[in-house]
Amino acid sequence: MPESQEQQEQQEQQEKQVEEQPPRRRQARGERRITQLLEAAANVFCTTGYTAASTNAIAREAGVSPGTLYQFFPNKEAIAIELGDRLMQEMRETYGEALAPIDPVTPLEEAVGAAVERFIDFNCEHPVFFALMHGPDIPGRIAEAHDALHASLLSRIEGLLSSLLPDAPPADLTRTAHMCLGLYKAGLELVLAHEGAERAAYIQEVKNALVRYLDPLVGERLGHPGPRPARHDPSWRSTP
């Protein structure tokens with residue numbers, strides 16, 4: 001009997017034994033298998049992109065038969081949606097940590113640095129998040145969920161800015177929030193494209209860009225308490 005056929009029959013026998021186990025044990029083994037398949041899918045999506053990926057490639061990466069994969073997911077899109085849902089839930093938790101209210105005595109460099117590092121740590125730990133969310137052909141449900149997440153992030157940034165710039169017009173806060181997020185996302189693409197010392201250098205560049213952009217607005221309100229001119233005052237950007 002060919003080795004591959006023998007291995008497949010052994011795997012089918014193991015799966016049959018799993019089906020005969022008590023429900024709680026089957027549930028635990030099933031969750032482990034799902035996690036295994038999602039981790040394999042993340043590797044495949046990062047390597048080939050979502051469009052070129054296939055269920056056969058994902059099963060091969062996970063070390064299981066396609067039949068095993070289909071017990072848990074009907075197709076590639078279902079795998080991507082489950083993976084995206086889990087990543088976005090974790091990302092929401094990251095938002096809560098990285099964009100918590102800022103103590104006014106915290107220097108701007110420290111506040112920006114802590115937030116940037118938290119976000120970049122997440123993306124470096126889960127590179128598939130960027131690959132999946134910014135791919136050209138992601139499933140519609142993922143795109144909609146990502147748009148909602150993006151809007152939530154902008155809202156959080158605006159909330160932080162409004163606490164530091166209470167006199168700023170809402171339109172200015174929205175524009176500044178969009179600029180902050182845009183600068184970060186542009187830098188993130190460069191960060192993920194490099195490794196080692198060069199990646200660390202780009203991370204520092206992202207921090208520098210955000211600090212230099214925000215300092216004329218909120219620099220004296222963070223770490224250096226004191227009044228600043230209202231944003232509609234022509235002198236607000238030239239204040240030392």
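**Labels and their cut-offs**

Author: Helices α5 and α8 are roughly parallel to each other. The model is predicted, so local features need pLDDT of at least 70 and side-chain atom pairs 80 or more, while totals for chains, interfaces and linings use all residues. Residues are numbered from 1 along each chain as its sequence is written, and side-chain values use heavy atoms, leaving out hydrogens and water.

Reader: Why are α5 and α8 called roughly parallel?

Author: The axes of α5 (residues 76–98) and α8 (residues 140–164) cross at roughly 5° and come within 10 Å. Axes are lines fitted to C-alpha atoms, for helices over the stretch in contact, with angles from 0 to 180 degrees between N-to-C directions. Angles under 35 degrees count as roughly parallel, over 145 as roughly antiparallel, 65 to 115 as roughly perpendicular and the rest as oblique, so this pair is roughly parallel.

Reader: Which residues of α5 and α8 make the contact?

Author: Among them are Ala 80, Met 88 and Tyr 95 of α5, and Ile 142, Leu 149 and Arg 156 of α8; contact means heavy atoms within 4.5 Å.

Reader: What makes Lys 207 buried or exposed?

Author: Buried means under 20% relative accessible area, exposed over 50%, partly exposed in between (1.4 Å probe, protein chains only). Lys 207 has 12%, and is therefore buried. Lys 207 lies in helix α10 (residues 196–218) and touches Val 112, Gly 113, Val 116 and Glu 117, not counting residues up to four places away in sequence.

Reader: How many helices and strands are there?

Author: The protein has 10 helices and zero strands; these are DSSP runs, with helices (H or I) of at least four residues and strands (E) of at least two, numbered from the N terminus.
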